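The sequence and the structure are shown first, and the notes follow.

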Amino acid sequence: MKQFDAVKIIKDNPIEGIYKGQIGTILEVYDDNHFEVEISDNNGITLFLGALSRDFLEVVV
């Protein structure tokens, strides 16, 4: 996974407000397992901006 990859959330984390199937963008790569991800709605409003581990993400092909 690299900066600006589109990623899909693969498991829910209701505490963070993210849910399986949402699509986001990697904004920063901290290391091989941790990434800063932004998820926005269809109007471009940010729904989530924060660090996620690789086990929550799958690269969208």
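**Contacts, salt bridges and core**

Lys 2 touches Ile 26 and Val 29, leaving aside residues up to four places away in sequence; contact means heavy atoms within 4.5 Å. The model is predicted, so local features need pLDDT of at least 70 and side-chain atom pairs count only at pLDDT 80 or more, while totals for chains, interfaces and linings use all residues. Residues are numbered from 1 along each chain as its sequence is written, and side-chain values use heavy atoms, with hydrogens and water left out.

**Salt bridges**

- The count of salt bridges is three, each being a side-chain nitrogen of Lys or Arg within 4 Å of a carboxyl oxygen of Asp or Glu.
- Asp 5 and Lys 2 are joined by one of them, at 3.1 Å from N to O.
- Asp 5 is buried at 13% relative accessible area, whereas Lys 2 is exposed at 54%; buried means under 20%, exposed over 50% and partly exposed in between, with a 1.4 Å probe and protein chains only.
- Asp 55 pairs with Lys 11, their closest N and O atoms being 3.1 Å apart.

**Nonpolar core**

- The largest nonpolar core has eleven residues, among them Ile 9, Ile 18 and Phe 56; such a core is a set of buried Ala, Val, Leu, Ile, Met, Phe, Trp, Tyr and Cys residues joined through side-chain atoms within 4.5 Å.
- Phe 56 touches residues including Ile 9, Lys 11 and Ile 18, again leaving aside those up to four places away in sequence.
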